[in-house]
Amino acid sequence: MKNLLTLSTLALATSLATSPAFAHAKLQSSNPADGAALATAPTELRLKYNEPVEIAMSSIKLIGPGNAAVVTDKIAADPRDDKALVQPLPKLAPGEYRVQWNTMGRDGHHTKGEIRFTVK
Ligand SMILES: [Cu+2]
């Protein structure tokens with residue numbers, strides 16, 4: 001009987017861990033959008049997730065033309081939206097940019113991904 005109870009507790013824990021309520025932070029949209037070709041260089045990048053994010057535990061790496069890393073300021077919170085983070089951008093020269101984000105959701109899990117945009 002004790003073994004059976006342990007087994008069902010384990011099964012419950014497993015199903016809780018994989019239920020949508022415990023999902024990680026997923027990128028829902030960005031500005032600039034992934035794949036955007038911009039006539040004017042953006043002054044900031046905004047990433048919007050499906051759940052609140054921990055700014056202090058999140059990071060963004062920006063890679064510009066010629067695979068050169070672009071030095072950026074620290075990312076910031078959006079005071080009106082705890083599911084978003086904002087990356088102020090320096091003056092960007094024309095070319096292709098890759099944004100590699102690594103974001104921690106409030107559940108403590110990190111997710112990462114990449115978006116690209118072009119400045120014409
Ligand atoms: Cu998670």
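Predicted model: local features only at pLDDT ≥ 70, side-chain atom pairs only at ≥ 80, totals over all residues.
Residues are numbered from 1 along each chain as its sequence is written, and side-chain values use heavy atoms, with hydrogens and water left out.

D81 belongs to strand β7, which covers residues 81-88; helices (H or I, at least four residues) and strands (E, at least two) are taken as DSSP runs and numbered from the N terminus. Is D81 buried or exposed? With a relative accessible area of 13%, D81 is buried, given that buried means under 20% relative accessible area, exposed means over 50%, and partly exposed lies in between, using a 1.4 Å probe and protein chains only.

Which partners does the D81 side chain have? The side chain of D81 makes a polar contact with the side chain of K48 at 2.6 Å, and the D81 side chain also reaches the backbone nitrogen of K83 at 2.9 Å. A polar contact here is a pair of N or O atoms within 3.5 Å; within protein, one atom must be able to donate a hydrogen and the other to accept it, and residues adjacent in sequence count only if both atoms are side-chain atoms.

These contacts bring us to charge pairing. Side chains of opposite charge can pair when their charged atoms come close. A salt bridge is counted when a side-chain nitrogen of Lys or Arg is within 4 Å of a carboxyl oxygen of Asp or Glu, and a search of the whole structure finds seven of them. One of these joins the side chains of D81 and R46, at 3.4 Å from N to O. Because D81 lies in strand β7 and R46 in strand β3, this pair ties together parts that are 35 residues apart in sequence. R46 itself is partly exposed, at a relative accessible area of 26%. K48 also forms a salt bridge with D81, the closest N and O atoms being 2.6 Å apart. As K48 lies in β3 and D81 in β7, that pair ties together parts 33 residues apart in sequence, and K48 is partly exposed with a relative accessible area of 22%.

Elsewhere, E114 and R116 form a salt bridge, with their closest N and O atoms 3.1 Å apart; E114 is partly exposed at 33%, and R116 is partly exposed at 42% relative accessibility. Returning to D81, salt bridges that share partners join R46, K48, D78 and D81 into one network.

Let me turn to the nonpolar side. The largest nonpolar core has 20 residues, and those with the most contacts inside it are L45, L47, Y49, I60, L85, V99 and F117; a nonpolar core is a set of buried Ala, Val, Leu, Ile, Met, Phe, Trp, Tyr and Cys residues joined through side-chain atoms within 4.5 Å. Two or more residues are given to this core by each of β2 (36-38), β3 (44-49), β4 (53-63), β8 and β9, and β4 gives the most, with four residues. Not counting residues up to four places away in sequence, Y49 touches several others, including L27, K83, L85 and W101.

As for the strands, two of them pair if DSSP finds at least two bridges between them. β2 and β9 pair in the parallel sense over three bridges, with A36 standing opposite F117 in β9. β8 and β9, by contrast, pair in the antiparallel sense over 10 bridges, and the bridge partner of Q100 in β9 is E114. β8 and β9 form a hairpin with four residues between them, and in the turn G108 has a positive phi of about 90°.

Finally, which residues are the protein donors of the copper ion? They are H24 (ND1), D107 (OD) and H109 (ND1), lying 1.8 to 2.1 Å from the ion, where donors are N, O and S atoms within 2.8 Å of the metal (3.2 Å for Na, K and Ca), and sites may look incomplete because water is not among the atoms. H24, in the loop between α1 (2-17) and β1 (27-31), and H109, in the loop between β8 (95-105) and β9 (110-119), are 85 residues apart. H24 is partly exposed at 35%, and H109 is partly exposed at 36%.

Terms used. Contact = heavy atoms within 4.5 Å.
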